[in-house]
Amino acid sequence: MTQLSNTDIAAALDELGDLYELDGAIIHRVVAYRNGAKAVRDAPVSVAALALEGTATELPGIGGTLQDKIVALAQTGVIPAAEKLRAKYPAGVVAMTRLPGLGPKRARLLYGELGISSLDELRAAAEQERLRTVKGLGPKFEATVLEALSGENAADGSVRARTLLSRALRAGEAIVEALRELPAANTVELAGSARRGADDVKDLDIIATASDPTALVEAFAALELIESSSHAGGAGARGRTHTGLDVDLRIVAPEQRGNLLQHFTGSKEHNVALRERAVRQGLHVSEYGVLDDTTGITHQCATEEEVYALLGLPYIEPELRENRGEFDAGFVPPRLVTEADIRGDLHCHTTASDGRNSIEEMALAARALGYEYLAITDHSATHGFDDDVSPEELLVQIERVREVDAAIDGLTLLIGTETNILPDGSVDYEDDLLAQLDWVIASVHTSMRMDEAAMTERVIRAVQHPWVDAIAHPTGRLIGRRPPYPIDMSAVIAAAAEAGTMLEINANPDRRDLNEIHARAAAAAGVPILIDSDAHGADTLGTLRYGVLTARRAWLAPEQVANTLPWPQFAALRKRARRAAATSST
């Protein structure tokens with residue numbers, strides 16, 4: 001019996017969910033399989049082994065039914081329910097469900113209406129403009145299909161993807177921590193794009209020094225976190241986690257640690273520019289050291305600081321290593337914002353909309369994190385996902401938040417809203433109701449397929465709204481799953497600077513929106529930047545980490561992030577406070 005990887009099991013459960021949705025099953029059954037697939041994919045240990053022991057049900061999202069299916073898959077290589085459904089639908093229809101912007105419902109529609117049963121047939125129908133003949137579809141959908149097909153490059157129709165940073169760090173940091181506890185290890189550090197805080201990563205690089213390299217390699221291979229491994233040649237090993245992430249362990253002498261860590265942290269663009277600069281100085285930089293052409297001496301560096309100093313450079317933080325100005329004349333390393341600088345969170349949800357915790361539970365969790373203030377911003381009445389707060393319910397919510405604020409010491413609790421920006425740029429609560437709140441953040445949740453000019457005008461109108469303090473996740477992207485909607489962010493940034501409206505870096509690891517390019521441009525224009533969690537539960541308030549990483553990649557200092565301010569100073573930045581101050585001074 002072959003040991004199944006978590007990736008294989010998750011793929012099988014995802015496929016079964018897609019097959020059930022193709023077959024018109026109730027949504028709860030479909031969601032159960034997708035949640036189960038996510039739980040398996042994120043599990044750090046072998047789920048097949050747990051299922052065969054009868055303990056996979058201890059994982060969140062895995063019940064007895066899913067455990068039985070995993071056991072069947074592990075023992076026979078198939079899930080009988082999936083075999084039955086596959087007999088009803090061609091494999092190409094299932095592959096169609098995985099394309100961004102299509103999904104099982106549209107795949108079933110196209111199969112039923114046009115008889116399309118493969119990706120090749122889908123591409124031909126889109127190019128021949130036949131998809132638009134199906135009711136409810138049109139030219140924009142055809143363009144979406146062609147774009148999705150241009151990104152697919154796997155024989156089974158799946159789209160090859162990188163691993164989201166949050167998932168990669170869960171694995172990478174657990175491996176690093178486990179290796180650091182071993183007697184054979186001296187230093188163990190994560191490198192690569194994960195260390196630079198990129199949105200997603202291809203694999204993990206770990207750099208170590210060791211008193212006994214062979215023992216460290218053997219211990220790495222034996223880690224429960226590692227599904228399989230092989231010797232990499234020299235001092236090192238290659239492995240793969242149960243989540244399907246490749247890991248390269250490189251072991252080096254302590255005196256070369258700085259050279260190797262700098263080299264494998266990257267980025268490629270940074271290292272190319274660094275080498276070109278070194279050549280102009282008569283030096284050659286590699287993972288092995290810095291060679292001086294004049295003397296023939298190779299300088300080995302125990303720290304990265306030594307590497308940069310040899311080249312006449314200050315130490316450059318990993319997040320800045322993208323060749324975006326760190327080698328310019330006069331470069332002075334900024335003091336980058338840290339998680340410890342953040343004083344409050346201005347975007348979170350409770351059970352009043354689609355959150356998992358109560359107002360009080362969210363407030364207590366924020367206080368435990370050391371925050372000085374927290375805004376409760378449940379979804380407004382038209383955000384499009386049913387869990388929302390009507391104007392009448394918001395009036396009740398105001399009173400609830402005021403009561404909790406009065407009862408909890410050490411935290412200023414604000415009543416706010418995440419109001420939906422309607423297609424015409426208006427928001428979905430009346431001004432009289434918004435005036436009763438402490439804080440208003442606005443975002444686009446509906447009608448995302450507008451053209452660039454219309455979407456830009458829509459968001460700018462919200463930016464200019466007299467009660468809107470900030471714009472949340474301004475481009476609507478979901479990393480690796482949904483591209484940004486068409487929008488001219490330069491125009492939005494200019495409007496925000498003029499109106500005094502803040503722009504948010506949404507720290508949800510799936511969003512990180514604004515991205516670092518837009519965040520850096522906005523800060524340079526004088527727009528106050530927020531870093532918010534968009535937490536839907538007390539356990540996700542801590543995801544501010546990923547927003548802070550984006551801010552650091554945007555070169556942001558604490559003074560450029562509004563919610564590093566203590567509450568009295570932050571409160572004065574709100575439009576209602578500025579308007580009141582202007583009125584009192586006249």
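Modeller: Let's start with the open sheet built from seven strands, ordered E11-E12-E13-E14-E15-E16-E17 with parallel pairing. Strands here are DSSP runs of E with at least two residues, helices are runs of H or I with at least four, and both are numbered from the N terminus. Two strands count as paired if DSSP finds at least two bridges between them.

Biologist: Before we go on, what am I looking at?

Modeller: A predicted model, with residues numbered from 1 along each chain as its sequence is written, where local features need pLDDT of at least 70, side-chain atom pairs count only at pLDDT 80 or more, and totals for chains, interfaces and linings use all residues. Side-chain values use heavy atoms, with hydrogens and water left out.

Biologist: Why do E11 and E17 count as edge strands?

Modeller: Strand E11 (344–345) and strand E17 (529–532) each have a single partner strand, so one side of each has no neighbour in the sheet.

Biologist: What makes E14 and E15 a pair?

Modeller: Strand E14 (residues 439–443) and strand E15 (residues 470–471) share two bridges in the parallel sense. The cut-off is at least two, so they qualify as a pair. Ile441 has Ala470 in E15 as its bridge partner.

Biologist: Which strands does helix H22 touch?

Modeller: Helix H22 (residues 544–553) packs on this sheet against E11, strand E16 (502–506) and E17. Touching means contact, that is, heavy atoms within 4.5 Å. The direction of H22 makes about 150° with that of E17; such angles run from 0 to 180 degrees between N-to-C directions, along lines fitted to C-alpha atoms, for helices over the stretch in contact.

Biologist: What is the strand order in the five-stranded sheet?

Modeller: That open sheet runs E2-E4-E7-E6-E5, with mixed pairing. Strand E2 (185–190) and strand E5 (226–231) each have a single partner strand, so they sit at the edges. From one strand to the next, the twist averages 20°.

Biologist: How many residues lie between E6 and E7 in their hairpin?

Modeller: Four, and Gly244 in that turn has a positive phi of about 85°.

Biologist: Why are Cys301 and Cys348 called buried?

Modeller: Buried means under 20% relative accessible area, exposed over 50%, and partly exposed in between, with a 1.4 Å probe and protein chains only. Cys301 has 2%, so it's buried; Cys348, at 0%, is buried as well.

Biologist: How many disulfides are there?

Modeller: Zero in the whole structure, where a disulfide would be a pair of cysteine sulfur atoms within 2.5 Å.

Biologist: What makes the phi of Glu129 worth a look?

Modeller: Most residues other than glycine have a negative phi, and most peptide bonds are trans. Glu129 isn't glycine, yet its phi is positive, near 60°. Glu129 lies in the loop between helix H8 (119–127) and helix H9 (139–151). Its relative accessibility is 44%, so it counts as partly exposed. Asn323 also has a positive phi, near 55°, and at 39% it is partly exposed.

Biologist: Where are the cis peptide bonds?

Modeller: One joins Gly266 and Ser267, with omega about 0°; Ser267 is in the loop between H13 and helix H14 (268–280). Another joins Asp513 and Leu514, with omega about 15°, and Leu514 falls in the loop between E16 and helix H21 (516–524).
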